[in-house]
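Here is a short briefing on one protein model. Keep the sequence and the 3D view open while reading.

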Amino acid sequence: MADTQQVDAKAERKVARLAQQISTFSKAHGGAEAQVAYLGERGARIVLVGEDGGWGDLVAPSYEIAQKAVEKSGITVHEDFDGEFAAKVTTGTYEWKRMAGIQLGG
């Protein structure tokens, strides 16, 4: 039973750390929304989109931890990264150059 409590405590610390990072992002971007995507054995990706169009992502060790972190941060969570949600993302010069490089094999 001690092992289970130790694992739970570690997971709760990870949830708290991710929730703090999400909250910090939200405050820096005038609010935020998220979508959680399952990555398989690697865990889950939390995609964040700020009210100002800024975006970022975090990786959690499990889908459950990612869900708990987003809930704890208090931001809106979307089921899918659909067109309406994706339209809120503002891309800059860096992203366009990076996308062009991928298309050109670079």
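The points below cover confidence, the sheet, the core and the salt bridges.

This is a predicted model. Its pLDDT averages 86, and 83% of the residues score at least 70. Four strands make an open, mixed sheet, and helix 2 packs on that sheet. A search of the whole structure turns up three salt bridges.

**Confidence**

- Helix 2 has the highest confidence, at a mean of 96, and helix 4 (residues 93-103) has the lowest, at 67.
- Where pLDDT is low, predicted coordinates should not be read in detail.

- Strand 1 (residues 32-38) pairs with strand 4 in the parallel sense over three bridges.
- Strand 1 pairs with strand 2 in the antiparallel sense over seven bridges.
- Gln-35 has His-78 of strand 4 as a bridge partner.
- The hairpin of strand 1 and strand 2 has five residues between the strands, and Gly-40 takes a positive phi near 85° there.
- Strand 1 is mostly covered, with five of its seven residues buried.

**Helix 2 on the sheet**

- Helix 2 (residues 63-73) touches strand 1, strand 2 (44-50), strand 3 and strand 4.
- The direction of helix 2 makes about 170° with that of strand 1.
- Ser-73 belongs to helix 2 and is buried, at a relative accessible area of 16%.
- Beyond its neighbours within four places in sequence, Ser-73 is in contact with Ala-19, Ile-22 and Ser-23.

**The nonpolar core**

- The largest nonpolar core holds 17 residues; Ile-22, Ile-46, Leu-48 and Val-70 touch the most other members.
- Helix 1 (2-28), strand 1, strand 2, strand 3 and helix 2 each give two or more residues to this core.
- Leaving out residues up to four places away in sequence, Leu-48 touches several residues, including Ile-22, Phe-25, Ala-34, Trp-55, Leu-58 and Ile-75.
- Glu-33 is also among the residues that Leu-48 touches.

**The salt bridges**

- Lys-68 and Glu-12 meet through their side chains at 3.9 Å, N to O.
- Lys-68 is in helix 2 and Glu-12 in helix 1, so this pair ties together parts 56 residues apart in sequence.
- Both ends are partly exposed: Lys-68 has a relative accessible area of 35%, and Glu-12 has 40%.
- Lys-88 forms a salt bridge with Glu-33, with the closest N and O atoms 2.6 Å apart.
- That pair links the loop between helix 3 (83-86) and helix 4, where Lys-88 sits, to Glu-33 in strand 1, 55 residues apart.
- Lys-88 is partly exposed at 35% relative accessibility, whereas Glu-33 is buried at 10%.
- Arg-45 forms a salt bridge with Asp-57, with the closest N and O atoms 2.7 Å apart.
- Arg-45 lies in strand 2 and Asp-57 in strand 3, so the pair joins parts 12 residues apart in sequence.
- Arg-45 is partly exposed at 31% relative accessibility, and Asp-57 is partly exposed at 37%.

Methods: Residues are numbered from 1 along each chain as its sequence is written. This is a predicted model: local features need pLDDT of at least 70, side-chain atom pairs count only at pLDDT 80 or more; totals for chains, interfaces and linings use all residues. Side-chain values use heavy atoms; hydrogens and water are left out. Two strands pair if DSSP finds at least two bridges between them. Contact means heavy atoms within 4.5 Å. Axes are lines fitted to C-alpha atoms, for helices over the stretch in contact, and angles run from 0 to 180 degrees between N-to-C directions. Buried means under 20% relative accessible area, exposed over 50%, partly exposed in between (1.4 Å probe, protein chains only). pLDDT is the predictor's confidence in each residue, from 0 to 100. A nonpolar core is a set of buried Ala, Val, Leu, Ile, Met, Phe, Trp, Tyr and Cys residues joined through side-chain atoms within 4.5 Å. A salt bridge is a side-chain nitrogen of Lys or Arg within 4 Å of a carboxyl oxygen of Asp or Glu.
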